[in-house]
Amino acid sequence: MTAATLRRLIVIGLIALWEILPRTGFIPELFLPSLSSTLAAGWNEGSEYGHALAVTLYEVAISMAFACGGGILLGAIVGSLPRPRILIMPMVSSLYAVPLVILYPVFTVWLGIGSESKIAFASIYGFLPTMLATAAGIQTIDPQLLLAARSMGATLSQRLVRVIIPAAIPTVLSGLRVGGALVIVGVVVSEMLISSAGIGYLISRYRTILDSPHVFAGVLLVLAMAIAFNAVIKWIERKAAIWQTGSRAGQRAADEITAGAIQPAT
Amino acid sequence: MQPLANITPLKPAGAIEVRNVGQIFRTTTQDVVALEDVSFDVKPGRFVVLVGPSGCGKSTLLMMMAGLRQQTSGTITISGAPIPEPDPNRVGVVFQEASLFPWLTAEENVEFPLALRRVARNERRAKARDALKLVGLDGFGKRHPHELSGGMKQRVSIARGLVQDPPVLLMDEPFAALDEQTRMTMGDELLRIWAATGKTVVFVTHSLTEAVYLADEVIVMSPRPGRIVDHLQVSLPRPRTYEMLSGDAFGSLRDRIWRHIRKSA
């Protein structure tokens, strides 16, 4: 049996257990409603969940654009210029150790409890790993490649477009994977804390009235969102498969990030 | 007005003149003299090897001949003109690590210097194919570097250095990272390519055997500050063969270089 089939069997087994354990009364439905009752709860309140999903996806999309765009841009600057690096990196690294969620109440004071405060929080939350990965990716480019390009008469802009960017792509992608996942976390968590819409808000509201099937329906949606995001990143990585085998240094940095050597505080 | 390329150079294409060249690395604490008063000539089509202990500045000298670094004093001319910046039409460079771009195929790597100059795609393809054929990699153009062996990567790197047909090829310890057998084979391959193209080759190495085996002339350098301590002619007949390695002529040349290096070590 291959590892892939085994993995699939485990997932199927877990889904089956989710249905069987609550149904046989082994686990009370309050703690874990069966899969079918969860799906039914979600289905019956379809429009409510649909609306919440739209709000959450909107917030995720905007935050993703800020976090990834800003992270790549600033990471590229910090990675390639020593002066801003000396200035900014120590601050960013210490900021990374701060549980950023403490900022969220402040954002609600500044921006209200609508989408803006979630977007602000999730953007900052996802921005840091993206920026750090991009900076690492650019710093670890093999200097021999740049020297070779220069020996062939490449100008500064040609070196940027034809060497630095393609060589940094594997590390940037793994940064996006972490950053994007954190954006989803950031949006959902902030919705659960203080808000009036979104999936996080629904989960939180149904929890207060002990309506477990509806809570789990929300959880399922968040799960689906994370899986979909992962699939998109995997697709991009496959598209860039050749680049993945890119600079060894870049690959090493990428491995470190995916292996969790760089992990945020929550 | 005549285009620049048509101006007849003072020296024939491929001639190299190094005159009183010095290089000082300035650090915050002190100035380090890397090279001092280095002068030599290379006639077109010659195979010259620079040899010397680590830190003697032989790679630095090569980088200056490639226009990748400017000397502190003295002049260097390639085909009669100074080389203030890299110019792949005049000088091709091959590095120790093959320095191929891993996201490009072998063919695209060879095309790279042409692409920088916006040469038309068809012409690029054709020239890259010819260069790959010259180095014995016909049919490997579509492979990526990670699908090639160390020796093949260096072949691609040589093809890239030659694709614009420069009269001079500079090689900075190109086979240092290869295993012994591959290294011997690549030496023979390089001599074949050199004979077929008639390029001027300046080759930096640590290996005395490699130096004598490949060279018309060997320039021996001392450790920091790098100076030329000997400039010897290798009069062994060509083509060079493996049997020559154990001959007396070969041995005495290698001993002569070794004595210089041992003295300075």
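Which residue of β9(B) does Val51(B) stand opposite? In this predicted model, where local features need pLDDT of at least 70, side-chain atom pairs count only at pLDDT 80 or more and totals for chains, interfaces and linings use all residues, the residue opposite Val51(B) is Val220(B). Residues are numbered from 1 along each chain as its sequence is written, while chains are lettered from A and ligands numbered from 1 in the order in which they are written.

Val51(B) belongs to strand β3 (residues 47-51) of chain B, and five of the five residues of this strand are buried, so β3(B) is largely enclosed by the rest of the structure; buried here requires 20 or more other C-beta atoms within 10 Å of a residue's own, with C-beta atoms placed from the backbone. Helices (H or I, at least four residues) and strands (E, at least two) are DSSP runs, numbered from the N terminus. In a regular strand the side chains alternate between the two faces of the sheet. Accordingly placed, Phe47(B), Val49(B) and Val51(B) point one way from β3(B), and Val48(B) and Leu50(B) point the other way.

Two strands pair if DSSP finds at least two bridges between them. β3(B) runs parallel to strand β9 (residues 217-221) of chain B, to which four bridges join it, and β3(B) also pairs in the parallel sense with strand β8 (residues 200-205) of chain B over five bridges. In β8(B), the residue opposite Val51(B) is Thr205(B).

Elsewhere in chain B, helix α4 (residues 150-162) has 13 residues and reaches 19 Å from its first C-alpha to its last, close to the 18 Å expected at 1.5 Å a residue, where the expected span is 1.5 Å times one less than the number of residues. Eleven of the 13 residues of α4(B) are buried, so this helix is largely enclosed by the rest of the structure. Among the buried residues are Lys153(B), Arg155(B) and Arg160(B), and the cover over the buried residues of α4(B) includes β6 (91-94), α2, α3 (121-134), β7 (168-172) and α5 (180-197) of chain B.

Turning to the two chains together, 17 residues of chain B are in contact with 17 residues of chain A, contact meaning C-beta atoms, placed from the backbone, within 7 Å. Helix α2 (residues 106-116) of chain B supplies the largest share of chain B's side, three residues.

Within chain A, helix α2 (residues 35-44) and helix α10 (residues 212-239) pack at an angle of about 85 degrees, with their axes 8 Å apart.

Technical notes
A residue is buried if 20 or more other C-beta atoms lie within 10 Å of its own, exposed if 12 or fewer, and partly exposed in between; C-beta atoms are placed from the backbone. Axes are lines fitted to C-alpha atoms, for helices over the stretch in contact, and angles run from 0 to 180 degrees between N-to-C directions.
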